[in-house]
There are 2 protein chains.
Amino acid sequence: MTIRKLSRGVALVGAGMSKFGAFPGQSSRDLFVEAFQEMLASVEKGFDPKEIEALFIGNFSSDLFENQGHTAPIMADWVGLTPRPATRIEDACASGGAALRQGVLAIASGLYDIVLVGGIEKMTDLPIERVTDTLATAADALYEVPAGFTFPGLYAAMATAYMAEYGAAPDVFLKVGYKNHENGALNPKAQFGQRIADIMEARKKSAAKKGLPIPEWADEMAFLNDERANPTIAWPLRLYDCSPVSDGAAAVLLVSEDLARRFTDTPLYVIGSGQASDGAIHDRPTLTSLPSAKKAAEMAYQMAGVKPADIDVVEVHDCFTIAEIIATEDLGFFEPGQGWRAVAEGKTARGGERPINTSGGLKSKGHPVGASGVGQVIEIWKQLRGEAGERQLPGNPRLGLTHNVGGTGQTCVVHIFERR
Amino acid sequence: MTIRKLSRGVALVGAGMSKFGAFPGQSSRDLFVEAFQEMLASVEKGFDPKEIEALFIGNFSSDLFENQGHTAPIMADWVGLTPRPATRIEDACASGGAALRQGVLAIASGLYDIVLVGGIEKMTDLPIERVTDTLATAADALYEVPAGFTFPGLYAAMATAYMAEYGAAPDVFLKVGYKNHENGALNPKAQFGQRIADIMEARKKSAAKKGLPIPEWADEMAFLNDERANPTIAWPLRLYDCSPVSDGAAAVLLVSEDLARRFTDTPLYVIGSGQASDGAIHDRPTLTSLPSAKKAAEMAYQMAGVKPADIDVVEVHDCFTIAEIIATEDLGFFEPGQGWRAVAEGKTARGGERPINTSGGLKSKGHPVGASGVGQVIEIWKQLRGEAGERQLPGNPRLGLTHNVGGTGQTCVVHIFERR
């Protein structure tokens, strides 16, 4: 496939998100307004929101989660942007990334100069068993679901295949979750922004308060390896290997390259965009790599004219810990089968040679599925502009990458951003 | 809002659709394959389908209708187009039109030369009361639905407002349905492709066969005015005022303007595209016009540089008969309040001065909601190329228009096509 250039460049000049978490009584429109307002406040030089010409809203299934289809014009209405064209973009958990890509294409088309890209999901209103059923609609209803798979099961199959092929032990998955909680603890927007050490201490205190025997865990890994503290969901994946059920919204402002500095002195340029599709998991040559991710990454790198080694900040789709390890290989940061060793050696930690998911990732930050792909962009925005606070990476990072997966890789969207 | 030009032109070079109807045992993927194959066959000069670079799939809610989200990559897979990017576009019943617009923007962006736009919906697997509930998710779940509205009720409110404001009698709505069945009878793809006269005769025969008294209807209007033959659904709308519940798919091939004649000697050029959003119906200044439709039409006419009087072939969104009348006014074919008179005087019939919905419209052809907007394009394709068979309009029509509505007008998408 030839990778052509966009007919004009696109810049990111504003970004905001709601807190991710469980917010009873708030609908996705409330959360979107919160994200929109933070996005407005992030545009240093200010602008009239009425200049926004179109909206692309990533959302997986407000139909099932909120009994609300046709969400895009509602979002436009709630932020005062009626009658601008508003379109919902859906590619399961990659809906946010796909919406960003539509925003980029829309500006490159010449039709719009200023576009709002949003991501929304409100998952916690449903009883948890219906959440599982709803998420299962992102798998193939004729092939994957009738085989008895839920999403933890599908990713557990990938995890066992990875263990068999490369000799990784289940411990290493836990280290991904541990690391992402270390990062998320520094992210005020994170749903589960506690370090594992703090969670462990809280469990001890809670036992003491109830007069129960106080568990003696030698360290955080012992805690994570304890079935009572961290029960198995689908072996080898435990609770702290799985991203949570979340509510949340995120919004970013895209403009044509030539307008960027009217909005901010520190715009980010969208220099690479790749998206690829795939069949369901039963029909793949491998379980230890996502062909769609490799393809999307290849497209994005080629468009951007950069290599994996050039990237400074990376947000990948860690819906499950195994997914993060596979992502780091698919994106070319580590050789196939070496991703787990990199985790074990601390290379992907914030202080390591290849930090992954400084935001806390989906695991700690939360995973409101349609919002997650846009939420990843917020972290790139902050890190590349030096605004990530306590979790800021050193060395003035210049290039950032987002990797957003739908289903078990039926969709993958990769974007590359540059601060110039 | 400034209407800018697309950075390059886009042409329609292939079009196909499945039959619309109720097809037990067939899923939306089967119907999409059927539409795709007819699209391939329609490309006179042939091409390798592997040249297609991306897919945009309009779909309202396979989540609720088929327990299947994340449909776009499945469609790519089933027509052999994995790993090409595949994205679902949702704007309720305007999903097909919105998908077409994304396809147009995607080509104009310079990133793709050849794009497939599809529309799919499989509605008849659900029990009918769940279909009504599912369609209701296209209304506002916080405002319209709790007020007790279903879609027939919402459009009935528009109908009564129209009657009050302009003096139309309910009879005139029935004439829209009558006319669309006259057209649909000439469309082999129509779900209810019978003339009202034929339906009336069939009812008489059925009564005779059952030994029941044979009803004596003076003519088709007497039949349509008989509560037993044509029961009231939501006054003043009766059964034959409402589009049916349908399964179906449609697919069109878009290419960059410069490539068009590699595919066909009779391409159509997408010269106008407009889309607009709106809040829910409780928050509108009027019930007798859709502000989003007027806005979308204005955008499309302006981009195309044509006036309503220039258009030769028109497909409008007649989800209910009142919607067709309002559409013909919003699009500027008739003055506000004159649309009903035009119907009464036969102006919108196939032989009239302003034919509307020569395909049979959603009423007779069927309304598989996510497919309908793309299905409209199939009729324009056939009419402008002189391939509409018995329902072909005379005079070598050159300009065609589609008008696709989501909800009660929270979205409207208008496209204008030209044969050169």
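**Entry 1: strand 1 of chain A**

I looked up A11(A) and found that its bridge partner in strand 7 of chain A is V255(A). The model is predicted, and in it local features need pLDDT of at least 70, side-chain atom pairs count only at pLDDT 80 or more, and totals for chains, interfaces and linings use all residues. Residues are numbered from 1 along each chain as its sequence is written, while chains are lettered from A and ligands numbered from 1 in the order in which they are written.

I noted that strand 1 and strand 7 (residues 247-256) of chain A pair in the antiparallel sense over seven bridges. Two strands pair if DSSP finds at least two bridges between them. Strands (E, at least two residues) and helices (H or I, at least four) are DSSP runs, numbered from the N terminus.

I then followed strand 1 of chain A to strand 8 of chain A, where two bridges join them and the strands run antiparallel. There L12(A) has L268(A) as its bridge partner.

Is strand 1 of chain A buried or exposed? Eight of its eight residues (10-17) are buried, so strand 1 of chain A is largely enclosed by the rest of the structure. A residue is buried if 20 or more other C-beta atoms lie within 10 Å of its own, exposed if 12 or fewer, and partly exposed in between, with C-beta atoms placed from the backbone.

**Entry 2: where the chains meet**

I looked up the contact between the chains: 55 residues of chain A are in contact with 55 residues of chain B. Two residues are in contact if their C-beta atoms, placed from the backbone, lie within 7 Å. Several elements of chain A each supply at least two residues to this side, among them helix 4 (95-108), strand 8 (268-277) and helix 11 (291-304). By class, the side of chain A that touches chain B has 22 nonpolar, 20 polar and 13 charged residues. For these classes, Ala, Val, Leu, Ile, Met, Phe, Trp, Tyr, Cys and Pro count as nonpolar, Asp, Glu, Lys and Arg as charged, and the others, Gly among them, as polar.

Strand 3 of chain A and strand 3 (residues 86-90) of chain B run antiparallel and are joined by three bridges. R88(A) stands opposite E90(B) there.

**Entry 3: F60(B)**

I located F60(B) in the loop between strand 2 (54-58) and helix 2 (62-66) of chain B. F60(B) counts as buried because it has 32 C-beta neighbours inside 10 Å. Leaving out residues up to four places away in sequence, F60(B) touches residues including G69(A), E90(B), C93(B) and V369(B).

**Entry 4: H70 in both chains**

I checked phi for H70(A): it is positive, about 50°, although H70(A) is not a glycine. Most residues other than glycine have a negative phi, and most peptide bonds are trans. H70(A) is in the loop between helix 2 and helix 3 of chain A, and it is buried, with 29 other C-beta atoms within 10 Å.

In chain B, phi of H70(B) is near 50°, again a positive value in a residue other than glycine. H70(B) lies in the loop between helix 2 and helix 3 (71-78) of chain B. H70(B) counts as buried, with 29 C-beta neighbours inside 10 Å.

**Entry 5: cis peptide bonds**

I found a cis peptide bond between T82(A) and P83(A), with omega about 10°. P83(A) is in the loop between helix 3 and strand 3 of chain A. The peptide bond from W235(A) to P236(A) is also cis, with omega near 10°. P236(A) lies in the loop between strand 5 (232-234) and strand 6 (237-238) of chain A.

**Entry 6: a helix pair in chain A**

At what angle do helix 7 and helix 12 of chain A pack? I found an angle of about 90° for helix 7 (residues 170-184) and helix 12 (residues 321-330), with their axes 8 Å apart. That makes the two helices of chain A roughly perpendicular. Axes are lines fitted to C-alpha atoms, for helices over the stretch in contact, and angles run from 0 to 180 degrees between N-to-C directions. Angles under 35 degrees count as roughly parallel, over 145 as roughly antiparallel, 65 to 115 as roughly perpendicular and the rest as oblique. F173(A), V176(A) and G177(A) in helix 7 meet T321(A), I322(A), E324(A) and I325(A) in helix 12.
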